[in-house]
Amino acid sequence: MNPMLDKLSTLWPEMTLLAGACVCMLAGLSGSAVVRRSPRWIAAVSLLLAGLCVATSSVAEPRHTGAALVGVAGLAVYVKMAIVAVGLLLLLIASQVPDRLRQTQDAEAATGRGGVFDPAGVMRGEFFAFFLLSLCGAMLCAGAEDLVWLFLALELTSLPTYVMVATSRDRAGAQESAVKYFFLGAMAAAVFLYGFALIYGATGSTQYDQIAAFVHAQSASGQALPPLFIVGLVLAVVGVSFKIAAVPMHFYAADVYQGAAGPVTAFLAFVPKTAGFVSLIGLLGPACQANAEQLQPVIWLLWIMAVLSMTVGNTLGLLQHNVKRVLAYSSIAHSGYMLVGLIAAVAAATTPGAVTAGEHLGNGVAALLFYLVAYGLATLGAFAVLGCVTTDQGDEAQTYDDIAGLGQRHPLLGVIMLISVLSLVGLPPMVGFLGKIYLFGSAIQHGYIWLVIIAVLNSAISAVYYLRIIGACYFAKPNDQTQVAVSPAVQLGALVAAVGAVMLGVAGGRLVDAARDAAAPPDAAVVETAPLPDGDAESWSPQWADTSVKW
Amino acid sequence: MDDRAIDIARLIPWLPALSAVVCGVCCTSRKLRVLAAPVCIAAIAAAFVLTLKAYPHVFDDHGHGVFHVSWLFTWIRVGGFTADMSYYLDPLTMVMLIVVTGVGTLVAIYAAGYMAGDRGYARFFAAVSLFIFAMTTLVMADNLVLLYLGWEGVGLCSYLLIGFYYDKPSAVAAAKKAFIVNRIGDLGFALGIFLTYHQFATVQFSELFQILATQPSEASTPVQIIPFLLMLGAFGKSAQLPLYVWLPDAMEGPTPVSALIHAATMVTAGVYMIARLFPLFELSPYALPTVAIVGTATALFAATIAMCQYDIKRIYAYSTISQLGYMFLGLGVASTTAAVFHLLTHAFFKALLFLTAGSVMHSLAGQLDLRHMSGMRRKMPVTCWLMFFGCLALAGFPFTAGFYSKDMILADTLQKGLTGHSTLYTVLAVAGLFVAFLTAFYTFRLWFRVFMGPTKYEMGQEHGHGADHHPDGVSSDIKVEHHHEPHEVNWLMNAPLLVLAAGALLAGYLAHHWIGDMIQGSSARPLRQAIGAHGAAHHATLFGMDLHLAMMYISSVIAVVGIATAAYFHWLNRGAADRVAAKWAGLVRVLANKYYVDELNDSVIVRPLRFIGYLCFVFDRLIIDGLVMTVGFVPRMFGLALRPAQRGALQGYGIGMATGTAVVVLLVLMVYF
Amino acid sequence: MMYSPDQLLPLLVLIPLVGGLALSLLPNQVVPAMAFVWTVVTLAVSVVVACLAYQPIDGNPAVTFLSSGDLFFESFIPWVDGFGLSFSFGLDAISLWLVLLTTALMPLVMLGSFSAIKHRVKEYYTWLLLLEAAMIGTFVATDLIFFYICFEFTLVPLFFLIGIFGSTQRLKAAKVFFLYTFTGSMLTFAGVLYVAWFNASQTGLWSFEIAQLARAAQAMSLEQQTWVLLALLAGFAVKVPLFPVHTWLPLAHTEAPTGGSVILAGVLLKLGTYGLLRFALPMTPIATVVYAPTIATFAVVGILYTALICWVQKDVKKLIAYSSVSHLGFCVLGMFALNTIGVSAAVMYMINHGLSTGALFLCIGMIYERFHTREMARMGGLARVMPIWAFFMVFFSLASVGLPGLNGFVGEFLALLGAFMARDVLGVGYAVAAGFGMILAAIYILYMVGKVVFGPVLIPEHDDQHQPPYPSGHTHGKHAHVRDLNAREIMTLTPLAVGCLLLGLFPTPLLSSLKPAVDKLVEPARLVLAGRPHGEATIDEVTTIIFIDPTVQHGHPQDPDAARHGH
Amino acid sequence: MPETIGLHSFILSHFLLTGAVVFALGLVGFLSRRNLIVMFLCTEMMFQGVAISLVAFSRYHANDTGQTFVIFVLTIAAAEAALALGLVVLLFRRKRTLDALAWSQLHG
């Protein structure tokens, strides 16, 4: 069958989301008030449908994709399923955002002039449309096998978010963060686009497998990779890292997370980050055909970005008084931790006789994917709780004293915040701890001892500002100027996130296996080796990376 | 093994322990309080009876001393180290048990009267019974660790009893001082035990003596160090020169305590320990001479201080230190018989002296100062004569107990000096004689001051019954007898004194043969340097006569001369005493202030240590905590350094991102191509 | 084979966990009583476990679960098979006794804080029960990550207990306590992962089983072992606390509520020493032997340094806190003597310190409830006013200072003896120097007892706004009518007093049960000492570092087998 | 190197140079100009700079991938333009100014 057609067969989830977005737009403009209020249900239905498509989409027949870092099919399914799951929780939390906007209420209210309704003022439909479009973009990133496709997917992910940030709150802050996010996003897009161009220039094609073939030919023939390719790759990696707010591109994060509304910030903290990391995995896949020292500049770049992200995120996080800015810097720091996983993945891929499927802890990509879900749940819980508390000026809770004494005034929200924060710190019973074992275990596996020590010390520093949040919730005297308005949907979303964080922490086995299968390297996927029974793999001796300590 | 009659002795320590618990319960209610004394006295008396029952079993059928080990229960057993609650019974133990339980019973009876009506009555007897338990365990211990248990147990009881009147800060300070100084000694003792176990892989006496018997006479250096460490413990407990400072302050406790613990039993623990472990001490050539030198030095030092003290109990305290010095001299010259004999007799007459002093204090409502009383013989005739007999024994008046035992020590020292041709022992013997003169002088100085001369007195400030009671204002809820006249104490208190007086007078003559056989039969008999008082070398002669006979004459002359000078200065011509005191004012002041040793200790040890403590505390808070906080501050500093980059301007961020990317690309280009 | 209760251990952890969470559903008045019931149930289960452990297997009295020295009652709940992680439980003599200490102390803590805690009662007891679950989890875990989970989770409850229920500087204390220990344990986390990876590279399979890791870790080179030991020390030395990293303890102790500080002193400090014993000794034997003198020096300096500091303290709770640092110095000294006597003494010391210092904190808590002050200068002669309290105070002070006949002595004496015997590992100077610690201990304890219990009567005037001392509310004559201990308080202290006395007089049941387990832990280090190399640690590399003292002759009493006693 | 009738490498470098210069100009403009609309125009210039390089590479490799890429780049640039202007209108209505510095309350 025509390759394009079978390619389309895997795009059913994205198409459902697209359709959902359009229906939401239209419903938003319809005459009757009931229909105008329905987009959030439409969004929910389309997400569920998309989930169904992902679940049923045939991943069984793998396509030979040559030399991607991981079997694209396996990775795509895991990422899409994660996006759908977290997307649903985000929808639950974000369901109140449009209603809170004054413009929407005024536009809805019967205007003095005989009940004429002003369609321009109604935002409800558009918000959910952009929500679905951005999710669709993230899913596309997962399935990308071509630079052009990747570029489009990344843009589809970020453009809707600019609008969501701009329209999330009536305050000037939202507009300011939107303009910063847009312009810096555009600049970053230009940078990585230029990177793509150079890669195309060096290899002659934008298809991942052809690029991989080119790199393989180069490294097989012993020559070093052409400088054009390396610079292109570096520019691409740095450009894409804007999405995950890694160091050179982290400046926007604090202001945007503070400006936007709580639920939208939660969205920003998860969806672009997932898209960013998945694209990086895709991008670095073909490059990994070369051996370690040829890829030295890229690994060195990732190492610097990881260390700087962690340190900047944590140290600046210490100085903040605004909880949302603290969570912003913590998201920068967590990107740093996830980059550790990426480094381990690249190190694994570039060493000869790399790790086979059965191997867990050594698998950086699996660790990265697992940690993405863990981090997503934790931040989602934290931002949801923030969203519930409104100060006396009607604005969202911002500073520590806004959420003072939350543990006493609303025990459930207190406990949810506690679980989320403890998971972010990486304290044992929560899923964050398992994530850290996976990440640091895979890094140590490949000799990055010093990187792990820096990461471990950083998570100790992060405990300082996380403790301040818990301290505010439990130790301070309850602050009675703020009201705790909890709508059932938001509470449900937060509760599911918290329970998820604990349950995954305690029974994380399933997710670990899912991440491992998702990250199965291509050759294993092609060569249908029987999946190793859990845990007690028979004694085979993997060719371990040399145990010398790298850096 | 359990059917042996000797095993009845295992009960001896546990009866007083039981009484301690019962008295502890009596403390809780006022009605039960009166019950405490009888229980305590009964328990100690029962222990005395058990000692007498077990006494015959320590001799085999033809009278030679033999030891029995009777095991009670497992105490500490870990990795080959064994220290059980088991008892080592031999003639030396019997002697000590007789002293402890005998004197203990008498003092308990006396205390029943003396402490009557005191608020802490039951607490007093609980502590006394606990003391007897600890002392008997110490004496009967079969291994060094159990000896250590008894050792620190008596230290604890002396702490509780010295600090009995805990309202008085001076009593609390004295108790703390006693416990800490003892602890310093105990550290030496503990290190001795460690080294013993390290060298001989056992701490049990039975095994230890077997191993020591086979040891070559020239032992290795670590083995030679053991006696010096153990000696430290002995000097701490028996208040010898470096560590004696606590005993004079221990007089803060009630007088029966001073009599029982700080005169008769506890302070002799050091002597007992060296006697028991004598084979160990014989191994190292320098241990015994050191003991002898320290003993004599302490005797001389303490005797000089006692000359110029005015507080009755402190005089007797220094006298005790001095007499203990004699015992250590006896041990030093390998004449354990003489040392233990002096221990026995000293226990009787010193207890007598203390208790009679107690009676004087009791009737004068706590007055202790010599200068505020004289001519009490008319008011308290019985106490006067009882103290007289005690003083005679202490001074070593011919044919009294003190005479026999002190003479035996001095004779053996001289004999070792003459036969061994070592001038050291001769010098020690001469010093001993001089100290005998001083002892006679200060004993009768006290007696003549108190009982002879015109009858005038000033009542002490503590009103109410019993001696140095609580400061007023602390409502003691007992009937207060306002006596303004010194009166004779009742017969309940005088009866035990009569027994003690008999002991003080007759014990010397009766026991000086018996004690020889007891020591020869025990572990304390000298094996290597057998010069034994009654052993060979009879031929030593002095001034033509047999050495011992000569010594008897010399010491009786010294005693009489001492008593005469005391009589002249403090009875007949008190003015002369004042004149002499005025002439030697400097010396008298130094002696009166106890050579300023307490002030020296305080300024050289206590104050600097406390200052170092304060220094450490400041160091801890500022440097270590400061260091930790600065390490904690480092991330914050990084943050402050990075903060300017986040000033909010859109272009600012753009520039940041652009430079970041440019730097990365340039570095990649430069470094890698 | 009679029923081997391997379901009991998970039960032991689950009861307090479920109990703690269930408390949130109960009304406030019944919460303290229910919490007490939960802890008593846990105590009952642990006693059952202990009895089963001591029960002779098929009739032969010598052979019990304990006699073999290796883990028993092992059970296994799968968690993440991919990593080789599992909730695996197991006990040996050391962890059995520490579990008993924990479950015994908890009911007393509950009893002790009935009157002290009036507001936010539910949170207080929930956090205490979760703390108990975490502590028991640490002692029964045989999976390295499961141990690490419980070890680190103990921080959260105490952070809240100090933060919410502490006194004036509670926020700073809670923050410093959490961050100091958390940073240390994160470094240990890195070390743990390194060891697990090293094991995986040896055996090809990721597993966190302690026994397996220990076997594999011994093959590490000295340089690797030093790094791992450093990482382990970072986490455990902070918790012990060893000398240079102890400054968090006085702050945390003085600010914690009575119940919190009893548990902090009673059990939490033992997590550090237990961690060192369970991991440092078996996993990094060569590094332990090489660095034993350094760690022992820190311990001895800690003993003398903090003892001197105790002497100049004005706050009685801070004095007891510093004394804990000094006491645990003895424990670490005994442990790094690396011989049976020393390590058994170290384990015994952990239990003794738990009982005596826990009791001291309870006594001080009772004073704080009555007078709301901890200043020694403002109180004195309380024996006159509260005789029963005075008896207990003096009793426990003497127990903690190591008076023979009470439990402190056996631990201290054997620790010093162990250190003295370990001439091949440590020099003889350590025991002598530590001995002076015994004297300093007597000095500061008697200084405190002299000021607070004895001396002229002085009842602290409560000038600040606290309500009058305890319920009596009488006017203040020279003798305020201050209530002595009531029945509940006596019931809290008596078991501890009996425990101290029994352990003092009959320590052998405990010590003999420890011997096989201790030997198994010390065995790798002893092999290294005896010069038999492990893995690629060459013989000369080992022997040149540790000279074996030839001078000791005549039956060097390392482990004379027959236990001799008088007939 | 595929033997095609594409550009010779030295001619390629000219095109690459122009593309890079255009990109750099866009970047410098974006960072220096205050007016929001001009800033947006500069981002467009950056995109055009990339487009030039892409076309040059496509001609060099003699396949059409580069040019199709350019088409997509243009569409995305258009979408961004729409969005940018909408945003700028929103901002202008709020603060009546187009100066980028007006929007820097959020900081720290």
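In which helix of chain A is V346(A) found?

Author: The model is a predicted one, and what follows should be read with that in mind. V346(A) is found in helix α16 of chain A, which covers residues 323-350. The residue counts as buried because 26 C-beta neighbours lie inside 10 Å, where 20 or more would be needed for that label. If its neighbours within four places in sequence are left aside, V346(A) is in contact with L284(A), C288(A), L295(A), I299(A) and L302(A). For a sense of distance within the chain, G125(A), which is 221 residues away along the chain, has its C-alpha atom 42 Å from that of V346(A).

The largest nonpolar core has 741 residues, and I343(A), A351(B) and L333(C) are the members that touch the most others. Helix α10 of chain A, residues 172-203, gives the most to this core, with 22 residues. In chain C the core lies between domain 1 (5-463 + 476-515) and domain 2 (516-566), because both of them give residues to it. The C-alpha centres of these two domains of chain C are 29 Å apart. Around L333(C), once residues up to four places away in sequence are not counted, the residues touched are A296(C), A299(C), V300(C), A415(C), A419(C), Y430(C) and A434(C).

The contacts between chains complete the picture. Between chain C and chain B, 52 residues of chain C are in contact with 53 residues of chain B. On the chain C side, at least two residues each are supplied by α12 (285-311), α14 (340-371), α17 (407-421), α18 (429-452) and α20 (508-529), and α18(C) gives the most, with ten residues. By class, that side of chain C has 34 nonpolar, 15 polar and three charged residues.

Between chain B and chain A, the contact takes 22 residues from chain B and 30 residues from chain A. On the side of chain B that touches chain A, the elements that give two or more residues are α24 (597-642) and α25 (650-672), with α25(B) giving the most, twelve residues. Sorted by class, this side of chain B has 13 nonpolar, seven polar and two charged residues.

Key
Residues are numbered from 1 along each chain as its sequence is written. Chains are lettered from A and ligands numbered from 1 in the order in which they are written. This is a predicted model: local features need pLDDT of at least 70, side-chain atom pairs count only at pLDDT 80 or more; totals for chains, interfaces and linings use all residues. Domain bounds come from an automatic or database domain assignment. Two residues are in contact if their C-beta atoms, placed from the backbone, lie within 7 Å. Helices (H or I, at least four residues) and strands (E, at least two) are DSSP runs, numbered from the N terminus. Ala, Val, Leu, Ile, Met, Phe, Trp, Tyr, Cys and Pro count as nonpolar, Asp, Glu, Lys and Arg as charged, and the others, Gly among them, as polar. A residue is buried if 20 or more other C-beta atoms lie within 10 Å of its own, exposed if 12 or fewer, and partly exposed in between; C-beta atoms are placed from the backbone. A nonpolar core is a set of buried Ala, Val, Leu, Ile, Met, Phe, Trp, Tyr and Cys residues joined through C-beta atoms within 7 Å.
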